[in-house]
Amino acid sequence: MKKLWLVFAQSVTVCLGIIFVVSLFRNDLITHTSILTTVDTASRTKGTPPYSFRVAAKKAMPSVVNIFTTKEVSNPHSSVFPNNPELKKFFNDNFPPQPEKQLSLGSGVIVLNKGYILTNDHVIDGAQEIQVVLSDGRVAKAEVVGTDPETDLAVLKVNLPNLSAITFGASDQVSVGDIAIAIGNPFGVGETVTMGIISALGRNRLGLNTFENFIQTDAAINPGNSGGALVDANGNLIGINTAIYSKSGGSQGIGFSIPVSTAKNVMEAIIDHGEVVRGWIGVEAQDLTPELAETFHLPNTEGALLAGILKNGPADRAGAKPGDILIEVNNHPISDSKDMLNQVAMLKPKAATTIKVIRNGKPLTLNLVVDKRPKGHIKNLEEQDGP
């Protein structure tokens with residue numbers, strides 16, 4: 001009897017062990033099957049490959065155009081008088097200049113379906129003829145509505161129906177690390193899309209424009225991309241591609257775009273008034289170095305040193321003097337000379353405002369009336385553009 005009971009107990013133990021092992025593997029198989037099913041279903045449901053930006057590209061591409069310009073330049077050694085040493089000796093190098101057509105290319109962005117196109121000023125500067133080629137193959141002659149060389153922006157207009165205007169994004173929602181897609185016509189090969197990320201924001205002091213606040217991106221930008229669109233992952237415009245940093249002439253992963261907020265303000269001013277009107281107070285400013293701050297007994301380098309005052313200009317009439325440290329414009333604290341330039345430019349001409357300076361270690365508030373910023377260089381102020 002004891003022997004039978006022992007056999008029974010062993011049999012039960014073995015059976016329980018088998019049941020446990022089968023149950024364990026069965027749950028594991030069910031779990032893995034569920035995961036695979038979920039992933040497969042998700043990929044089929046989505047309908048697009050992972051990490052594709054085809055929707056953004058498809059949305060923005062119809063709004064980006066190719067721009068071809070023609071200008072006449074004087075060429076003393078044209079085909080009429082070949083560059084021949086004997087002819088040069090005979091004519092004593094005094095070849096009559098011959099006009100020659102120079103072709104260049106760039107890109108642009110349709111910003112309003114009424115035919116307005118935003119591009120770079122340097123793309124169309126000096127052009128006698130401008131042709132725009134749309135993504136659908138249509139070609140049209142474009143007229144210049146207005147330009148703003150200080151931000152390197154220009155507005156063109158074409159008379160064509162059924163235009164696809166781009167959707168504007170928001171510059172204040174752009175962050176470093178966001179996806180950036182550049183669309184344009186590099187080297188004239190045709191509409192091209194490249195992708196990267198936002199590398200930096202607020203780049204300035206590059207010596208490209210008077211007013212600089214660039215978006216930096218590593219999306220490939222090459223000659224011909226100028227004036228084209230920088231869009232986000234949803235296909236919304238966040239910048240106008242303007243320049244690259246390159247030692248070879250090709251993309252090296254450092255491109256610069258004008259933020260859409262700046263582009264939109266300039267565009268609206270040009271369309272409404274034919275030009276961009278900015279404030280000006282007639283001063284030349286420079287940054288404060290630690291050495292200058294120590295000389296003026298300042299606690300830090302915040303502010304801008306007024307190195308020059310234009311005679312009979314707004315600041316001069318208000319009583320500003322060379323050597324003053326400008327620390328506020330219209331109650332806005334000034335960090336450096338570039339900040340000062342931007343703050344003054346935002347003021348409306350003929351508007352009354354205040355500036356705060358430090359003179360002989362003491363703060364002083366001056367009242368002045370803003371003037372209109374002149375175009376080009378301001379003479380009698382060391383030939384430099386000042387605010």
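The legends below describe close-up views of a predicted model.

Local features are given where pLDDT is at least 70, and side-chain atom pairs at pLDDT 80 or more, while totals for chains, interfaces and linings use all residues. Residues are numbered from 1 along each chain as its sequence is written, and side-chain values use heavy atoms, without hydrogens and water.

**View 1. The whole chain and its confidence.**
The chain has eight helices and 21 strands; helices (H or I, at least four residues) and strands (E, at least two) are DSSP runs, numbered from the N terminus. Of its 387 residues, 39% are buried, a word that here means under 20% relative accessible area, with a 1.4 Å probe and protein chains only. Contact means heavy atoms within 4.5 Å. Among contacts between residues at least 6 apart in sequence, 61% join residues at least 24 apart. The mean pLDDT (the predictor's confidence in each residue, from 0 to 100) is 82 for the chain, and 75% of the residues score at least 70. Confidence is lowest in helix H1 (residues 2-46), with a mean of 49, and highest in E3, at 97. Residues 28-45 stay under 50 in pLDDT and have zero contacts beyond four places in sequence. Residues 377-387 are also below 50, but in the model this stretch has 34 contacts beyond near neighbours in sequence.

**View 2. The largest nonpolar core.**
A nonpolar core is a set of buried Ala, Val, Leu, Ile, Met, Phe, Trp, Tyr and Cys residues joined through side-chain atoms within 4.5 Å. The largest one has 26 residues, of which Leu-118, Ile-166, Ala-229, Val-231 and Ile-240 touch the most other members. Helix H5 (residues 260-273) supplies the largest share of this core, six residues. Another core, of 19 residues, lies apart from it and includes Ile-281, Ala-304, Val-329 and Ile-334. Not counting residues up to four places away in sequence, the residues that Ile-240 touches include Val-109, Leu-118, Leu-153, Phe-256 and Ala-263.

**View 3. The aromatic pair.**
The structure holds one aromatic pair, where rings of Phe, Tyr and Trp (its six-membered ring) pair if their centres lie within 6.5 Å; planes under 30 degrees apart count as stacked, over 60 as edge-to-face and the rest as tilted. Phe-214 and Phe-256 make up this tilted pair, at 5.9 Å centre to centre and 55° between the planes. Phe-214 is in strand E10 (residues 214-217) and Phe-256 in strand E13 (residues 255-259), so the pair ties together parts that are 42 residues apart in sequence. Phe-214 is buried at 2% relative accessibility, and Phe-256 is buried at 7%.

**View 4. Two charges over rings.**
A charge sits over a ring if NZ of Lys or CZ of Arg is within 6 Å of the ring centre and within 35 degrees of the ring normal. Lys-157 lies over the face of Tyr-116, 5.4 Å from the ring centre. The charged end of Lys-264 sits over the ring of Phe-168, at 5.6 Å from its centre.

**View 5. Two buried loop residues.**
Gly-115 is in the loop between strand E2 (98-112) and strand E3 (116-119), and is buried at 0% relative accessibility. Beyond its neighbours within four places in sequence, Gly-115 contacts Leu-156, Lys-157, Val-158 and Leu-163. From Gly-115 to Leu-160 is 45 residues in sequence but 6.6 Å in space, C-alpha to C-alpha. Ser-63 is in the loop between helix H2 (54-60) and strand E1 (64-75), and is buried at 1% relative accessible area. Leaving aside neighbours within four places in sequence, Ser-63 contacts Gly-108, Val-109, Ile-110, Ser-164, Ala-165 and Ile-166.

Terms used. Buried means under 20% relative accessible area, exposed over 50%, partly exposed in between (1.4 Å probe, protein chains only).
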